[in-house]
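Welcome! Take a moment to look at the sequence and the 3D view before reading on.

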Amino acid sequence: MALFAVLVTLVICLNQRDFAGSWLLGLLFLGLFVTADLTPLVFQVRRQAFKIVLTEIPLVLALYWVPPLTLIVARVLAILISRQVHRSSPVKLWFNVASNAAGTALACLLVFAFGPLHAPGMPKEAGPFEWAVIAVAVFGYATFTLAATVGVITLVQGRISTRTLVQIATPGHIVSGINLTIGLVTLVIIQQGPWAVALLAALGICFVAAYRSYTQFVRQHRTLSEIYDLTRAIADTPHDGRLTDVLLQQVRGLLQVEYATLWLPALGRYPEILLSARIDDSGLVDLTGVPDSIRHRVRESGETIAIGHRLGGEDLRAELAAVGSKDAIVVALRAGSAVIGTLEVANRLGDNATLGPGDARLLETIAAHAAVAVENSRLVDRLRHDANHDSLTGLPNRRRITAAIEESVGVRAPGEQVALLLFDVDGLRQVNESLGHGAGDQVLAEVGRRLRRHAPSGALVGRASGDEFAVTLRVESPEAAEALGAQMRRQIRDQMVFGSLTVDVETAVGIVVHPDHGSDAATLLQRADLAATAAKTVPGSIQLFNAGLESRSVRRLSLAGDLRQALDDDQIEVYFQPKVTLTDRRLIGVECLARWEHPAHGAVPPEDFVAVAEHTGQLGRLTEAVLKEGLKRCRDWAATDHPLSISVNLSARTLIDADFPTRVQELLGEYGVAPHRLTFEIKEEGVLDGTDRPMPTLRRLRDIGVRLSVDDFGTGYSSLSYLRRLPVHEVKVDRSFVQGMATDPADLAIVNAVVTLSQQFGLTVVAEGVESELTLELLQDIGCEVGQGFLFSRPLPYERLEAWFAAQTEADSTAAGEVRRLRAVT
């Protein structure tokens, strides 16, 4: 382009006699060109900004009055001066000098081709022909400089599409046409006489004043509009992680910078965030144009730091230059009085543009809105987290577990199974009652930590309910799920220490797998709950769901209404199982056992309808029905000269009923039965639960004269020495130890220890489950006093029991009266 300018200039100079002309006139146009280059006009039309450079206006006048060489030199010098003022880089400086020199030379060449438009000393006025020549020359200049710019962009960045080229060229030529028209009008007015210049000067002054007012108004309106657009974009952005992207892209575009950065230090469960929107990247990056030292200084002081050509000190500019930035503004994000992070911009686009105090105030305004948006986003995230997580353990709650199961079921691969393991913590109620709910919460939190630590990678661990934890994951088979459940149960089974107390963490595990046991989350959770309940009664405390568990549960649910009707209609029968002294085979009493023959389901297992009675509030009626029948038969036996004692089972729930002893006393009086003829049997977990809640009821019953017995002793985890503080008279050794004592030395040792210690405490020992002569002999050898079991008799209804009395016993007169002894045991 420079060579083209030189060659054209030489051609014109060699072929035109007066090619230089007045250099004083050249200085005048040099000033006009410099003024036009340094004072572009910016007009805002709706949302578009149009920048108009008035170079074509002095060019029109110069093409008419100034010789070619003077014009080209004046234009080159004007470009050198204006680019130095804008501090353009050397490459851009010489590119602009060459392109404008070549464009101006082309315009002069076009004018030269049509002959001189104005000869010195000739008062010729410009007419339509001259206007047309000047128009062609000006449009040639504009087209050449545009082509040069497009060419260098294509060379550096690649080819520009035709559509983009049209979008660039059209506004440029429109502006050139406007400037050309203004220049021609100015030329015509000046030719009218010297006073016309005064009119142009007045018009120019008015235009400048109006333009400055317009520019200030537009700047204020644009700033408010852009802030409104920014806040609207932030407000309309969902709180799903896109807020940072929208905020930074808007800020970068608003301030026309290379970097817009958001920095949020780590806070609680929120990690540190350092993300930037950069002009060359479509997404966010972790690069920044501001050194860490400056943002940390803003966080500590809370004051804005602005660094630029006339902003900040030399030390700050040196720090900024070390990371390759020329200017930057860093403002604090505040939540109340606390600084929660910073919002930063760096490197205003353009070699000559720089960030200023107005930009700092604008960024502070944006930061205020951004801080509110960040806090709201965190609040929504916290609410969403709290809605899906348990506050005590921090684990996903039932809602999140349900959603995770649905997701896993929906994307299951062929041959893959989704397992749900439900861990039910045993003994939590006893911990709460003995050590307080704070200790119970610690147990739950520790169980959650252990499950999370030992769960396989990819498994979701959550808290399904109060004392239930769920683990869901993908497995190869139900057997693999069972093996994993057993392994995790062993891994989390460990002691917890609370001061001087030690608590064993025990769990029962129910397991279901999809698709074998259900196709939706609700069904899988319900069946896992059934399996966990069943696991409490099986060895190993691991239970894989089977259809029998659900049918039993459904059956229990359907029995609730029928049980109420059976109690109303006296359909609950009482069976009696004899209790015999082992030394002399005397019949001393019977245990009263409830039985129910359902009209549709047949015989209902006692554990089923007793559980239904407990859950439906009918346990008191059931206990009273059995107690009344037992007292009635006890009264009848006392009238036949062979009195027998009765034993009635009590639930742990009955022991916390303060009115129960009073009701027992009333019934004893109503049936005329001596209190010592009545024994209440309470299971070990009901009386030895680690709390004092059953004690008032037990003491009142003992004060009445009723005998008390600990049933199924040995199946729990209580110390034998704990018996010393219980107001009981009798201990019943669980059948599992009695039945195994003939073949298992360990069971024999346990029974022997229970008998020995109980006798030292003055307690009667009853052995349950006596079914063989060998067992009977072993019990006699260790000194057990009383036994019951199938060796003597199964539980019998009253009529069959009377027949059994007659067939299996015989009267024997003693000093105390007549007693019944077994004839033989077969």
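Predicted model: local features only at pLDDT ≥ 70, side-chain atom pairs only at ≥ 80, totals over all residues.

Residues are numbered from 1 along each chain as its sequence is written, and side-chain values use heavy atoms, leaving out hydrogens and water.

Let us begin with the helices. Helix α5 (residues 90-113) packs with helix α6 (residues 128-157) at an angle of about 150°, and their axes lie 8 Å apart. That makes α5 roughly antiparallel to α6 (the term covers angles over 145 degrees). In contact (heavy atoms within 4.5 Å), the residues of α5 include F95, L106 and L110, while those of α6 include Y141, F144 and V152. By class, this contact of α5 with α6 has 13 nonpolar, 7 polar and no charged residues.

Now for the backbone. Which two residues does a cis peptide bond join? They are H514 and P515, with omega about 15°. P515 sits in the loop between β14 (507-514) and α17 (521-535).

| Residue | Phi | Relative accessibility |
|---|---|---|
| Q256 | about 55° | 42% |
| N347 | near 65° | 8% |

Q256 is not a glycine, and its place is the loop between α9 (243-255) and β3 (257-264). N347 belongs to strand β8 (residues 338-348). Q256 counts as partly exposed, whereas N347 is buried (buried means under 20% relative accessible area, exposed over 50%, and partly exposed in between, with a 1.4 Å probe and protein chains only).

Conventions: Axes fitted to C-alpha atoms, helices over the stretch in contact; angles between N-to-C directions. Helix = DSSP H or I, 4+ residues; strand = E, 2+ residues; numbered from the N terminus. Parallel < 35°, antiparallel > 145°, perpendicular 65-115°, else oblique. Nonpolar A, V, L, I, M, F, W, Y, C, P; charged D, E, K, R; others polar.
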